[in-house]
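Open the model in your viewer and keep the selection tool ready. We will go from one chain to the other, stop by stop.

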2 protein chains.
Amino acid sequence: MSKSTALDIVALDADDTLWENEHFFRLTEKDFQSLLADHADPDHLAERLIEIERRNLRLYGFGIKGFTLSMIETAIEITNGEVSGKTIAELVEIGRTLMQHPIHLVAGARETVETLATDYSLMLITKGDLFDQERKIAQSGLADLFDRIEIVGDKTPEAYQRVFETAGVAPDRVLMAGNSVKSDVLPVLDIGGWGVFVPHPLTWAFEHAEEPAQHVRFRRVGALTDLPELVAGL
Amino acid sequence: MSKSTALDIVALDADDTLWENEHFFRLTEKDFQSLLADHADPDHLAERLIEIERRNLRLYGFGIKGFTLSMIETAIEITNGEVSGKTIAELVEIGRTLMQHPIHLVAGARETVETLATDYSLMLITKGDLFDQERKIAQSGLADLFDRIEIVGDKTPEAYQRVFETAGVAPDRVLMAGNSVKSDVLPVLDIGGWGVFVPHPLTWAFEHAEEPAQHVRFRRVGALTDLPELVAGL
């Protein structure tokens, strides 16, 4: 494939772009619902949990430790404080299990990253618990293919601006690809970069946003493996 | 003051070097001990908590969310699971309060950083919850004085190596100063940099380590405000 003359850096999201993540959160939510089945039905629990997660986001940020604290808080609220210490212990435990889930790369992730790495400087940009993201990056076996790895608190336009500045690259020479229109695409378009939506069948409720279909620097691929061809054609 | 010809970058730790941190953890521990006073005496609680924190470090890393989860786990263990949901709710709450504690700069911190910034490229290197550290950095009002801010999962020699590499500086042209011999001094000496110990009356039990008094690139200052003079003399 020929190298695009429009780009210097290709940046990729990690969770649910390179490896599965939401899948493991969903399994944990099922466990959470089973543990509290005597107190509320699954749908109501799911709804309360997401409300509490949303409320806590400003304080906890993204990641499994905050999610575990939100599960505990939901259990307390839903039972009016009557939840037992043993049930809380099990919630702590399912949080710990989530923190140790194995890394399952998305189909073709390694090949795609290897292909891109032959022509571009690659950057991994992810958000959430620093400690947990570092573990996943190490276990993915992909770290060496990236020139830069940036873990940010939240994927705002300002955060991307800072990352690109540190890398010494103009935003219009960067393409960012990921499964969240809200976090991976819109903020990058906003500061003048390219944004590519790589849909994943499971995407967290918070990450939903409308595709900016008319935007001149927006693209969408059917799968991650289509990315090298799209990039080469820009 | 004259500029040292030995150094390009001065790097500083944040928690308990530039601003108070351990002080707020100690207040929270007191609240924790009061909440569980019916179940165990304060010393025993403190001991169990630190054991559980140590055990969890590998999984949670550093930071308040992990600390809150460790308090919850300690409460469950110490009561054999009999702790009430209401007490757990209070533990979650004191964790949240800790996350919102105000920033109290160490005496002379701003002036010291301003003085150093006139002669050196400054770097802030801290560890812990990304989200929480970002909040504290923003609220400190010192962010603009630093050329680079790096939040790392743990302060290992490898982490420093990576940070210095990214900054394009040789380790022997960097001086790192902080209140933890273990985290701020030893790993930097280890990779060939300068390490300055800035003692703080409160330092977390995990951070204790012997001062490498004989090391040629080790220094110790009485207070942060002595740092510019020490640096200029190198």
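Two strands pair if DSSP finds at least two bridges between them. Helices (H or I, at least four residues) and strands (E, at least two) are DSSP runs, numbered from the N terminus. This is a predicted model: local features need pLDDT of at least 70, side-chain atom pairs count only at pLDDT 80 or more, and totals for chains, interfaces and linings use all residues. Residues are numbered from 1 along each chain as its sequence is written, while chains are lettered from A and ligands numbered from 1 in the order in which they are written.

**Stop 1: chain A as a whole**

Select chain A. Its secondary structure comes to nine helices and six strands. Its C-alpha atoms fill a box of roughly 60 × 35 × 30 Å along the principal axes. Of its 234 residues, 44% count as buried. A residue is buried if 20 or more other C-beta atoms lie within 10 Å of its own, exposed if 12 or fewer, and partly exposed in between; C-beta atoms are placed from the backbone.

**Stop 2: the sheet of chain A**

Colour the strands of chain A. They form an open sheet of six strands in the order β3-β2-β1-β4-β5-β6, with parallel pairing. At the edges are β3 (148–152) and β6 (218–220) of chain A, each pairing on one side only. From one strand to the next, the twist averages 20°. For angles, axes are lines fitted to C-alpha atoms, for helices over the stretch in contact, and angles run from 0 to 180 degrees between N-to-C directions.

Now zoom in on β4 (residues 174–178) and β5 (residues 194–197) of chain A. How many bridges join them? Four bridges do, and the two strands run parallel. Select A:A177, and you will find A:V196 of β5(A) opposite.

**Stop 3: a helix across strands**

Move to chain B and select α8 (residues 181–190). This helix lies across β2, β4, β5 and β6 of chain B, running at about 160° to β5(B). Among the buried ones are B:V181, B:D184 and B:P187. The buried residues of α8(B) pack against β2 (121–127), α7 (157–167), β4 (174–178), β5 (194–197) and β6 (218–220) of chain B. Two residues are in contact if their C-beta atoms, placed from the backbone, lie within 7 Å. Just after α8(B), B:G192 takes a positive phi of about 100°.

**Stop 4: a kinked helix**

Select α2 (residues 42–60) of chain B. There is a kink of about 30° centred on B:R54. The bend at a residue is the angle between axes fitted to the seven residues ending there and the seven starting there. Buried in α2(B) are B:L45, B:L49, B:I52, B:E53 and B:Y60. Their cover includes α3 (64–78) and α6 (130–140) of chain A, together with α1 (22–35) and α3 (64–78) of chain B. After α2(B) comes B:G61, with a positive phi near 70°.

**Stop 5: the nonpolar core**

Finish inside. A nonpolar core is a set of buried Ala, Val, Leu, Ile, Met, Phe, Trp, Tyr and Cys residues joined through C-beta atoms within 7 Å. The largest has 122 residues; A:I72, A:L175, B:I72 and B:L175 have the most contacts inside it. Leaving aside neighbours within four places in sequence, B:I72 is in contact with A:I72, A:I88, A:V92, B:I88 and B:L91.
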